[in-house]
Amino acid sequence: MTDVKVSVTFRHTRPTDALKHYAEEKLHKIGKYFDRPLEAHVVLSVDSRERQLAEVTIQARGMTIHGREETADLYSAIDLLLDKIEQQIRKYKTKTRLKRRRVKT
């Protein structure tokens, strides 16, 4: 598992250690898809009670992954966001694997 350097920014809400640790813990799981260290920047913002946003930008070896999710709860926004990011990474990995196979034949 690769090391993931995570920075968390809070907008329009009080920063809590629980949310910060939750986001960091979830993002460290993304490291299993890469063999080099990653940098991830998470922005957690609250516009209203019903509109709470989680955004993440991941920088990995020549690739930038960006995701955004909006729900009524920041914890569920983080969960949905990371599902979306994992799906993007799997799609990218499959695409590059198929490209390498085509080049070899």
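A: We take the nonpolar core, then a loop residue, then the pocket and the cavity. Keep in mind that this is a predicted model.

Q: Which residues of the largest nonpolar core touch the most other members?
A: A core is read by its members and by who touches whom. The largest one here has 28 residues, and those touching the most other members are Leu 27, Ile 30, Phe 34, Leu 44, Val 56, Ile 58 and Ile 85.

Q: Which helices and strands supply at least two residues of this core?
A: The strands are β1 (4-11), β2 (38-46), β3 (52-60) and β4 (63-71), and the helices are α1 (17-28) and α2 (74-104). With 7 residues, α2 gives the most.

Q: What is Leu 44 in contact with, leaving aside neighbours within four places in sequence?
A: Contacts of this kind show which parts of the chain come together. For Leu 44 the partners are Val 8, Thr 9, Phe 10, Arg 11, Thr 13, Leu 19, Leu 53, Ala 54, Leu 74 and Ile 78.

Q: Now the backbone. What phi does His 12 have?
A: His 12 is not a glycine, yet its phi is positive, at about 60°. The residue sits in the loop between β1 and α1.

Q: Why does His 12 count as exposed?
A: Exposure is read from relative accessibility, and the cut-off for exposed is over 50%. His 12 counts as exposed because its relative accessibility is 67%.

Q: What volume does the largest pocket have, and which residues line it?
A: For a pocket, take the volume and then the lining. The volume is about 230 Å³. The lining consists of Phe 34, Asp 35, Arg 36, Leu 38, Ala 60, Arg 61, Met 63, Tyr 92, Lys 93, Thr 96 and Arg 100. By class these are 5 nonpolar, 1 polar and 5 charged residues. The most come from α2, which gives 4. Phe 34 is also among the core residues that touch the most other members.

Q: How many cavities of 30 Å³ or more are there?
A: The count is 1. The largest cavity holds about 60 Å³ of space.

Q: Which residues line the largest cavity, and how do they divide by class?
A: The lining is made of Ala 23, Leu 27, Val 42, Leu 44, Ala 54, Val 56, Ile 78, Leu 81 and Leu 82. It has 9 nonpolar residues, with no polar and no charged ones. α1, β2, β3 and α2 each supply at least two of the lining residues, and α2 has the largest share, 3 residues.

Key: Residues numbered from 1 in each chain as written. Predicted model: local features only at pLDDT ≥ 70, side-chain atom pairs only at ≥ 80, totals over all residues. Heavy atoms only, no water. Core = buried A, V, L, I, M, F, W, Y, C linked by side-chain atoms within 4.5 Å. Buried < 20%, exposed > 50% of the residue type's maximum accessible area, 1.4 Å probe, protein only. Contact = heavy atoms within 4.5 Å. 1 Å grid on protein atoms, 1.4 Å probe; cavity = no way out; pocket = protein on both sides within 12 Å on 5 of 7 lines; lining within 4 Å. Points joined across faces, edges and corners; volume = space filled by probe spheres on them. Nonpolar A, V, L, I, M, F, W, Y, C, P; charged D, E, K, R; others polar.
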